[in-house]
Every structure is written in C-alpha cells, then in structure tokens.
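I opened my notebook to look up a few things in this structure. I wanted the overall picture, then some detail.

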Amino acid sequence: MSGDFLPENSIMVGCGAVGLDFLATVAAYPKPDQKIRSTSFKVADDTQGRGILDELQADGVDTSFMVVSKEGTSPFTYIIVDSQTKSRTCIHTPGFPPMKREDLPESSVLSALNGTRIAYFDGRLHETALVLANEAVKMNIPILMDAERLREGLDELLKVTDYVVCAAQFPQAWTEAATIPKALVSMLLKLPKVKFVIVTLGKDGCVMLERSANEVRSTEEEMDVDKLLESLETRKNGSICTRTCISSVISATKLRAEGIGTICGRLYIGTAENIPPSELIDTTGAGDAFTGAILYAICANFATEKMLCFAANVAAAKCRALGARSGLPRCNDPRLATFMQ
C-alpha cells in the first residue's frame, strides 16, 4: 500500500529477511518422476531483472539501513502454484553468508528507530532483532511480532512484544495447549506485555484475543473460552456478510482456560472473504498481506472490528493476483474506500 496515504507519524521499521520469489503456475501439481511444463513463470511481481532493493525503493521503502553482503547469494524461493487446487508449494533457499549481529552497528539501529511509530519482526535474525527490539522498548516504540513457527531466540523477542500475529499452528505449538482458544489465553498469561494475539486461519479467517485494560469485578462469572468461541462460530455461520468481525458482547470478560488460568479480555472472530474460484489466483503471501494491513491499521488507530475486516480485505485482494506483492491494493483502491473515510 502506498506510503502517500499513511497517517502522520507512521514510520514502520522492519527487521527480518527479504527474498526473491520465482513463481511457476502449473495445471496440476506433478506426481513423482513426472515431467510437466509450467503454464506461466513469474519473478516476484513482474520485475524480472530488477533487484530486491530496487523493487522496495520503487514502493517508497527506505532501504538505506539494509545490510547488503558484498559476496554470496540473497534468499530465494521456488513457488509452484497449482491452478487446480489454488494451493502453493514453496522450496526456500536461505541466503549466504548469514547475517551477524556486528553487521548492524548501534548507530544504524538508533537512526532507524528515530521517529518510528511501530517496529515489526518476523522472528528471523534473532540476535540482531533482539538488539533492535530492546532499543525500541527503551524508546517506547510498540512492537508487532509475526510468529510463523518456533524459531531460535523467539521467546526473548516475544517477551518484549506488544502485538502478535501468528500462523494457525503456532499458539498450540508454543504453549502445548489443547485448543487454539486455550493457547491464546496461555500466551497472554505468559506474555504480560502483549495487548492482543491474532491467529490466522486462511480461508477460515482469524481468531483474536485482546487483553482488556479494565479489570472486571471479582464476583463476575467466568466464561469458558472454548465454549465462547463455539458461540461466536455459531453467530458467524448465521452472518450474511462476506467480511465481518464478531466479538464477545462484553468488552471485559473473565475468560477461563481449563487447566491454564483466567484472563480478562475479549474474543473476536474475523471472517475471510469467500473468493469465487474464477477470481482466486494465488494464496502466496496472503498471511503477510494480512499482517501488513494490521500494521497499517494500528498506525491509523482503527477500531478492532475495523482492523480485522480491513486486513481480510487486503489479503483477499492479494489472492486475486499471482505472487506475494502484485495484488496488494493501494490506499486509493476502490475496494478500500470504506476503510479510508
């Protein structure tokens, strides 16, 4: 989304890895030993021959703080997009040489964070990320963490994080809880600084647990978080909206996770758009598009319900084009008009 439409004081600093995607569309995923031809081949968003830095700069991203190795190779991923199932298979090759903490001087860290509204981490390069995160905490800059899977050093980063967006399997893998709602309660109990956790569920939308700033009366009845989610799912199934957000009615509820504990908060379900098969092209990067929209929404001070619907809208737009970036809507896109008013 174009930076020209960002709210004031909305500089975002990201720390993680960048890479190049090579996308091949096939009629159907090949069987073992089968030789097939791609129906189309694409590099990122039709930027064959252009470098990663050039593409980011063209979209208004300041790349002056990026660490560029004089030798070696940048990360890249071969992506096979199945036209039949609309699924994608990724074969990732990490960059070399790996980044070291000393590659990013302290002066660069402080300069990059100057005037920043929010910092973003993807869990990679944890040693460098933790240095940047600790400085962000000192400067009262909130942090959003994209927790895709268990990684080395992730726990230390999560301790200083304000917002978490995670993949479907992460909450239970990290907490060993039996269900996603229980895992979300466990995460907020283990991470007292975190304001909300969102778990993305692909075509099934997302579930979000938001910590309440207000305490509830000790006499108020506790609600089982699994049963509450079931009731929200029932309300979602009765909704006729293509994109909506459904939450527990009370803003501050005592939510109980059996065997784990109780948190004061609010549970939300965000629905994904039901994209017609004829319009669904590629899901590559849909989760990243969702997370990027959450970052924007935080900077724009969107209400929670608006934030989740906005993120679903952006992710759906991305899925209508090949590649992780080519389908991303600009802020003047008519599909975003209701959110930009």
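**Entry: the whole chain**
I noted that this is a predicted model. I looked up the helices and strands: the chain has nine helices and 14 strands. Next I checked burial. Of the 341 residues, 46% are buried. The chain exposes about 17700 Å². Carbon and sulfur atoms supply 51% of that area. Then I turned to contacts between residues at least 6 apart in sequence. Of these, 62% join residues at least 24 apart.

**Entry: H2 and H3**
I picked two helices, H2 (residues 106-113) and H3 (residues 126-138). At what angle do their axes cross? I found roughly 50 degrees, with the axes coming within 10 Å. That angle makes H2 oblique to H3. The crossing of H2 past H3 is right-handed. I then listed the residues that meet. H2 brings Val109, Leu110 and Leu113, and H3 brings Leu132, Glu135 and Ala136. Sorted by class, this contact has five nonpolar residues, one charged and no polar.

**Entry: Met99**
I looked for Met99 and found it in the loop between strand S5 (88-93) and H2. Is Met99 buried, exposed or partly exposed? Its relative accessibility is 27%, so I wrote down partly exposed. Next I set aside its neighbours within four places in sequence. Met99 is then in contact with Val67, Leu104, Leu125 and Thr128. I followed up on Val67. Met99 and Val67 are 32 residues apart in sequence. Their C-alpha atoms are 8.1 Å apart in space.

Technical notes:
Residues numbered from 1 in each chain as written. Predicted model: local features only at pLDDT ≥ 70, side-chain atom pairs only at ≥ 80, totals over all residues. Heavy atoms only, no water. Axes fitted to C-alpha atoms, helices over the stretch in contact; angles between N-to-C directions. Helix = DSSP H or I, 4+ residues; strand = E, 2+ residues; numbered from the N terminus. Parallel < 35°, antiparallel > 145°, perpendicular 65-115°, else oblique. Left-handed = near helix turned anticlockwise from the far one by under 90°. Contact = heavy atoms within 4.5 Å. Nonpolar A, V, L, I, M, F, W, Y, C, P; charged D, E, K, R; others polar. Buried < 20%, exposed > 50% of the residue type's maximum accessible area, 1.4 Å probe, protein only. Areas by Shrake-Rupley, 256 points an atom, 1.4 Å probe, with all protein chains shown as cover.
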